[in-house]
There are 2 protein chains.
Amino acid sequence: MTTAVSNVFHRDCPARMVLDHVGSRWGVLILTALRERSHRFSELHATIDGISEKMLSQTLTTMRRDGLVTRHVDPAVPPKVHYELTDFGRGLAEHMHNLVRWIGANAEHVVTAQQKYDAQEPPARQ
Amino acid sequence: MTTAVSNVFHRDCPARMVLDHVGSRWGVLILTALRERSHRFSELHATIDGISEKMLSQTLTTMRRDGLVTRHVDPAVPPKVHYELTDFGRGLAEHMHNLVRWIGANAEHVVTAQQKYDAQEPPARQ
């Protein structure tokens with residue numbers, strides 16, 4: 001185990017903080033969407049099913065502060081705003097993408113495991 | 001974007017459920033610990049700073065139900081219990097490991113970005 005990895009186990013280490021930010025459900029989904037292309041706020045809101053505008057706004061602010069996302073105001077009337085990944089955010093998104101792709105490809109395996117577990121008698125679950 | 005990836009955006013798709021389970025802070029940390037070797041409950045509790053026994057127990061149960069982790073009772077007096085990854089869980093842990101390693105190696109970059117962001121005048125943050 002490298003030091004960099006073991007750091008995530010300690011609550012005061014930066015790696016744990018980063019994990020909490022980018023590992024959040026909404027952080028993962030925003031990264032996954034922005035990996036494809038830049039999005040306007042309303043597009044992100046429409047793409048990510050179930051996210052509230054408040055949570056989207058808060059998560060984008062956290063990601064901007066973390067240096068993962070930039071916010072651009074396009075000179076138009078009315079002004080249009082879009083979000084895109086920084087080079088740093090893109091590096092993270094690529095690593096995240098491999099994981100998300102694996103999850104997407106294997107989700108049914110989990111559903112099958114759950115059905116098998118639920119069919120057991122309670123004592124067998126202990 | 002593949003169908004498997006786009007599924008994570010929809011709240012009723014299995015991929016989103018899996019993402020919520022394994023993407024949780026504690027799920028990631030348990031996978032990361034068990035990737036190294038099997039652990040007893042008390043070892044996991046000691047390794048993962050800040051997790052309560054209740055949350056560890058709940059997360060392990062979710063991971064067993066998802067088919068990621070198995071629980072073994074060693075015949076001893078008193079019986080000893082340890083947890084280890086299934087082959088399926090190991091596949092996930094390997095993908096997760098690449099991400100966690102990247103986060104560990106880049107966490108300081110995030111801290112620097114945060115300091116830069118916080119030093120801006122509030123209007124520049126809008």
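**Exercise 1. The hairpin of chain A**

Task: Find how many bridges join β2(A) to strand β3 of chain A, and which residue stands opposite V69(A).

Solution. 
Step 1. Six bridges join β2(A) to strand β3 (residues 80-85) of chain A, and the two run antiparallel. Strands here are DSSP runs of E with at least two residues, helices are runs of H or I with at least four, and both are numbered from the N terminus. Two strands pair if DSSP finds at least two bridges between them.
Step 2. Opposite V69(A) stands L85(A), in β3(A).
Step 3. The two strands form a hairpin, with five residues between them.

The model is predicted: local features need pLDDT of at least 70, side-chain atom pairs count only at pLDDT 80 or more, and totals for chains, interfaces and linings use all residues. Residues are numbered from 1 along each chain as its sequence is written, chains are lettered from A and ligands numbered from 1 in the order in which they are written, and side-chain values use heavy atoms, with hydrogens and water left out.

**Exercise 2. Strand order and edges in chain A**

Task: State the strand order of the open sheet in chain A, and explain why one side of β1 and of β2 is left without a neighbour.

Solution. 
Step 1. The order is β1-β3-β2, in an open sheet of three strands with antiparallel pairing.
Step 2. β1 (39-40) and β2 (69-74) of chain A stand at the edges. Each has a single partner strand, so one side of each has no neighbour in the sheet.
Step 3. α5(A) lies across β2 and β3 of chain A, at about 110° to β2(A). Axes are lines fitted to C-alpha atoms, for helices over the stretch in contact, and angles run from 0 to 180 degrees between N-to-C directions. Contact means heavy atoms within 4.5 Å.

**Exercise 3. The sheet of chain B**

Task: Work out the sheet of chain B, strand by strand, and say which helices lie across the strands.

Solution. 
Step 1. Chain B has an open sheet of three strands, ordered β1-β3-β2, with antiparallel pairing. Its edge strands are β1 (39-40) and β2 (69-74), each pairing on one side only.
Step 2. Take β1(B). Two bridges join β1(B) to β3 (residues 80-85) of chain B. H39(B) stands opposite Y83(B) in β3(B).
Step 3. Take β2(B). It pairs with β3(B) in the antiparallel sense over six bridges. D74(B) stands opposite K80(B), and H72(B) has H82(B) as its bridge partner. A hairpin of five residues joins β2(B) to β3(B).
Step 4. Place the helices. α3 (residues 25-36) of chain B lies across β1, β2 and β3, at about 100° to β3(B). α5 (residues 53-65) of chain B lies across β2 and β3, at about 110° to β2(B).

**Exercise 4. Cis peptide bonds**

Task: Is the peptide bond from V77(B) to P78(B) cis or trans, and where does P78(B) lie?

Solution. 
Step 1. Most peptide bonds are trans.
Step 2. The bond from V77(B) to P78(B) is cis, with omega near 0°. P78(B) lies in the loop between β2 and β3 of chain B.
Step 3. Check chain A. A cis peptide bond joins V77(A) and P78(A), with omega about -5°. P78(A) lies in the loop between β2 and β3 of chain A.

**Exercise 5. The interface**

Task: Describe the interface of chain A and chain B by contacts, area and polar links.

Solution. 
Step 1. 61 residues of chain A are in contact with 61 residues of chain B.
Step 2. The chains bury about 5,600 Å² between them, 70% of it on carbon and sulfur atoms. Buried area is the accessible area (1.4 Å probe) that two parts lose on being put together, summed over both. F9(A), R65(A) and W102(A) supply 13% of the area that chain A buries against chain B, more than any other three residues.
Step 3. Six salt bridges (a side-chain nitrogen of Lys or Arg within 4 Å of a carboxyl oxygen of Asp or Glu) are counted between the chains. In one salt bridge, the side chains of R65(A) and D118(B) meet at 2.7 Å, N to O.
Step 4. α6(A) gives the largest share of the side of chain A that touches chain B, 24 residues.

Definitions and conventions. A polar contact is a pair of N or O atoms within 3.5 Å; within protein, one must be able to donate a hydrogen and the other to accept it, and residues adjacent in sequence count only if both atoms are side-chain atoms.
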